[in-house]
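The entries follow in the order in which I looked.

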Amino acid sequence: MFLRALGGYRFALTRHLNPYRPFHASYLHATLEPETNTTVKPITKLLYLTALIVLGNSLLLAADRGTLVREAVIYLSPDTTSSKLGQAERGRELILLDKSRNWLHVEALLGSALTPDPAFVLEDEDEGKTISGWVLDTGIVWASTPNGDRILFGAAVDSEDEAGRRHGRRGAAQDALRLYHRVFDLFPTAPLAGEALYRAADIKWQVDRADMQSRPSAREKESYLREGIEEESMKQVMKKFPGTKWAELAAFHLIDNKLCGDWQGSSKCPDKEAAIYEKYVKEHPESPAAPEALYKAASRRAALIEIYKTEEQPKKSDQSKNLAVSLAQQLISKYPQSDWSSRGQTLLFLVQQGVPTYGNAMQ
């Protein structure tokens, strides 16, 4: 599985509708003012009614939003021999404008190599290119599609799996990110919405973290000296689905921005990080990430045993040993079925045996 397992996610609907509003009350008033002749009144009323019907149908049609589970070529006209305007990837949002047999006239927001993924654009000026054209009426999930949330979620899982393959489809990770986000976007109350929004944020977080760690600043001791990972996507999960395991997992990710780059042999960093992980476990004891947090707290306390020795602080070294043992025992007893529990058992054995777990110290 890829990496495992961009906040506001769409612009207001009226932004899409403005270019397609053929009538407006001010226009109607200027051109269809009733005359004093009573014979004209029925015609005027009929024109008003017709305008309202056309406007209403236009709004309803334009409000139909969907997304692709396949790649689609966008044509100038409903004909495969017409000019190709562009290509939309999986998970791109489509706004339905018109229909013609087995063709759909849509507005599609395409990506840009110079901007963030439009699925997570927060500001209008950062958006990708929007084009209007025709696509074949296949492989599109609408908000009204039966089981649409499950269809999109399944397509996202497929793309995520493809991204994990050695020679997987190019762009599959971004496809998965968009598809997961569309589950929440189109089906915000569906049972899968919370998990889908978290998975989208998780993919983005891992990609951003890999980018951050590749920079020279990643080796800085203090976290504030490096460029942090964008947190908006994770915070959106916490805001939209509070109290769920997805929110708890999102909160665990945010710890990454508080960690040191390189301890540089100093006790300050591991001591601070251990406290952060301990606090997380205290606040989120039922979180799926609690066992991992406990292990990371215990491993840092174990590392401090040797670090404090080099700093000639034997008392703190002994205190760290006791804390490491206590945390490891807590991990083993509270989360016995977790893989982290087994790792905690190993750590406990090493600490009790006096085997250094940090640095080049040897017995």
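Which residues have the most contacts inside the largest nonpolar core? Before answering I noted that this is a predicted model, where local features need pLDDT of at least 70 and side-chain atom pairs count only at pLDDT 80 or more, while totals for chains, interfaces and linings use all residues. Residues are numbered from 1 along each chain as its sequence is written, and side-chain values use heavy atoms, with hydrogens and water left out.

Entry, cores. I took a nonpolar core to be a set of buried Ala, Val, Leu, Ile, Met, Phe, Trp, Tyr and Cys residues joined through side-chain atoms within 4.5 Å. Buried means under 20% relative accessible area, exposed over 50%, and partly exposed in between (1.4 Å probe, protein chains only). The largest core has 42 residues, and Met234, Val237, Phe252, Ile255, Tyr277 and Tyr280 have the most contacts inside it. I then listed the elements that give two or more residues to this core: helices H6 (193-213), H7 (232-240), H8 (245-253), H9 (268-283), H10, H11 (314-334) and H12 (339-352). H10 gives the most, with 8 residues. Helices (H or I, at least four residues) and strands (E, at least two) are DSSP runs, numbered from the N terminus. Another core lies apart from this one; it has 17 residues, including Phe153 and Leu186.

Entry, Phe252. I set aside its neighbours within four places in sequence and found Phe252 in contact (heavy atoms within 4.5 Å) with Tyr277, Tyr280, Ala289, Glu292 and Ala293.

Entry, salt bridges. Side chains of opposite charge can pair when their charged atoms come close. I used this rule: a side-chain nitrogen of Lys or Arg within 4 Å of a carboxyl oxygen of Asp or Glu. The count comes to 21 salt bridges.

I looked up Arg90 and Glu71, which pair at 3.7 Å, N to O. Arg90 lies in the loop between strands S3 (84-88) and S4 (93-100), and Glu71 in the loop between strands S1 (65-68) and S2 (72-75), so the pair ties together parts 19 residues apart in sequence. Glu71 is partly exposed, at 36% relative accessibility.

Asp175 and Arg178 form a salt bridge at 2.5 Å, N to O. Both are buried. They sit 3 residues apart in helix H5 (residues 172-186), about one helical turn.

I also noted that Glu71, Arg90, Arg169, Asp175 and Arg178 are linked in a network of salt bridges.
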